[in-house]
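The exercises below each set a task and then work through it step by step. Try each one on the structure before reading its solution.

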Amino acid sequence: MKQETSSQPRQVFNSQSAFIMAAVGSAVGLGNIWRFPYVAYENGGGAFILPYLIALLTVGIPFLFLDYSIGHKFRSSSPLNFRLLNRGTEPIGWVHVGIAFVIAIYYAVIIAWAICYTFFSINQTWGDDAETFFGSTFLQQSTEATFSLQPVTGVLLPLIAVWVITLFILVGGVQNGIARVSKIFLPVLMVLFLALVVRSLMLPGAAEGLDAFFTPNFSALTDPHVWIATYGQIFFSLSVAFGIMITYASYLKPRTNLTGSGMVVGFANSSFEILAGIGVFAALGFMAHQTGTPVSDAVAGGPGLAFVAFPSLISQMPGGSIFGILFFLSLVFAGLTSLISLVQVVTAAVADKLGISPKTSTIVFGGVMAVASCVLYPTVTGMSVLDVVDAFVNNLGIVGIALVVLICLAWVIRALPMLRDHLNKVSSFKVGWVWMALLGVVIPLVLGYMFISSTYDMATNGYGEYPGWFVGVFGWGMVAGLVVFAVVLSLIPWRKGTVEAARAHHDEAQKEISSADNQGDPA
């Protein structure tokens, strides 16, 4: 069978609903479950909802529209889209690819942990000390801040399974792989999590947990750090600014309601986050009730919530095994839909650059990602590496490249009016000067503050208790590597005819849109 190359028609989602399911699946990930409840509690509780909604409307959805407009208009991978925008902006797309690569190879190992804990929940394998079990018994983490490739077999084997599942799905293509699986995984995730929330609300002490979560601390609204935390949560939660939504939007048909889809994705993601907050804090309220301590003593975020606090909770509650299975399966399904989108960013870009078929790119370069993941993270120092890499790629990598994108598009090549017009041609909800002002002024100011404060803090105080060389290699070194990677890939020529074919696909799509407009076809 003849392979698809960059000169042939691009794969598409067969329907707008298929795209929405895939986009929501990408946005709803591990951070929704273990990051949002903690961030909300720490930043005003119920009062956090107001800045959260403001951030969703002023940062999240406008940036989502921007990503959609770039991907849909130029109909290629992120690097090729930016190349078509302006030759000088191509490195931006390769930074997106590098970030997706870095995140995917550690994100997969967290899904592997969740798979293990799904089975551990049956007999509550962690025993009476969930914290010691997680760090010492399960992960076998070294007590010294060093680097080792000594494997941890109990993590390596499920990690291999995660990569086999992910690549198998992606080999199926955009419609038969990503879209089909999203239509299964996302409803299953919702059913699992709704069952978990209902079970949490039935526990003794659940009301105290919800009081802690929703009781507003309005004084927090005057703290600028609370607003920065709010904008950061929205920014990271929606999968914007590192190529995912650009790539997914490139698979849409020319006549697609982009802003309508964006509103659905944005509000669906935020609704899930609030649901996660209800479920998590109802459960933490039970834990506090059982131990006779304040809810504040039980609150945790990140891996500490999922793999330490919740196993402790499961051991204390009636029917804890069922609760544990529901919780960790939710993490698995939420993680897989996000991992699929991350890997797709990389393999789509390589397929475009080299002019190879998406299937070949997935097998070869997805395989490279799998090998890197399996070598680096299921080791006795994998957790330490993950911690540092995650902090730097999120606080410096994603924020930094998003800031560069907005400055370039708004002030250097002045592409926002063109992208605004494209959105308005195909969408029901029109955007105008407010959208451009948010992207050109408001969001860059927010991101600039976040980037400068994070850079200054990490440069002066280091990160955690890790030695300087460790942070230098896996933190600063990783960020510098992303920049070098982007520049080098931009200097490598595209396969002959690739850029021209992409322009032709763009022109054909624009003609189809214009033709539909002339016939009065609604978006």
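**Exercise 1. Helix 1**

What span should the 12 residues of helix 1 (residues 16-27) have at 1.5 Å a residue, and how far apart are its end C-alpha atoms?

Solution. The model is a predicted one, in which local features need pLDDT of at least 70, side-chain atom pairs count only at pLDDT 80 or more, and totals for chains, interfaces and linings use all residues. Residues are numbered from 1 along each chain as its sequence is written, and side-chain values use heavy atoms, with hydrogens and water left out.

Step 1: take helices as DSSP runs of H or I with at least four residues, numbered from the N terminus. Step 2: the expected span is 1.5 Å times one less than the number of residues. Step 3: for helix 1 this gives 16 Å, and the end C-alpha atoms are 16 Å apart, which agrees. Step 4: nine of the 12 residues of helix 1 are buried, where buried means under 20% relative accessible area, exposed over 50%, and partly exposed in between (1.4 Å probe, protein chains only). Among them are Phe19, Ile20 and Val24.

**Exercise 2. Helix 20**

Find where helix 20 bends, and state what its buried residues pack against.

Solution. Step 1: the 24 residues of helix 20 (residues 468-491) should span 34 Å, and the end C-alpha atoms are 32 Å apart, which agrees. Step 2: helix 20 bends by about 40° at Gly477; the bend is the angle between axes fitted to the seven residues ending at a residue and the seven starting there. Step 3: the buried residues of helix 20 include Phe470, Phe474, Met478 and Leu482. Step 4: the buried residues of this helix pack against helix 6, helix 15 (320-354) and helix 17 (382-412).

**Exercise 3. The largest nonpolar core**

Which residues of the largest nonpolar core touch the most other members?

Solution. Step 1: a nonpolar core is a set of buried Ala, Val, Leu, Ile, Met, Phe, Trp, Tyr and Cys residues joined through side-chain atoms within 4.5 Å. Step 2: the largest core has 189 residues, and Leu66, Trp163, Phe235 and Phe307 touch the most other members. Step 3: helix 6 (residues 90-123) supplies the largest share of this core, 22 residues. Step 4: beyond its neighbours within four places in sequence, Phe307 has contacts (heavy atoms within 4.5 Å) with residues including Trp34, Trp113, Phe134 and Phe328.

**Exercise 4. Salt bridges**

How many salt bridges are there, and which residues are linked in a network?

Solution. Step 1: a salt bridge is a side-chain nitrogen of Lys or Arg within 4 Å of a carboxyl oxygen of Asp or Glu. Step 2: the count is three. Step 3: Arg83 and Glu90 are joined at 3.1 Å, N to O. Arg83 is buried at a relative accessible area of 14%, and Glu90 is buried at 1%. Step 4: Glu90 also forms a salt bridge with Lys353, with the closest N and O atoms 3.3 Å apart. Glu90 lies in helix 6 and Lys353 in helix 15, so the pair ties together parts that are 263 residues apart in sequence. Step 5: Arg83, Glu90 and Lys353 are therefore linked in a network of salt bridges, by the rule above. Step 6: Asp421 and Arg420 form a salt bridge of 3.1 Å, N to O. Asp421 is partly exposed at 37% relative accessible area, as is Arg420 at 21%.

Note on methods:
Helices (H or I, at least four residues) and strands (E, at least two) are DSSP runs, numbered from the N terminus.
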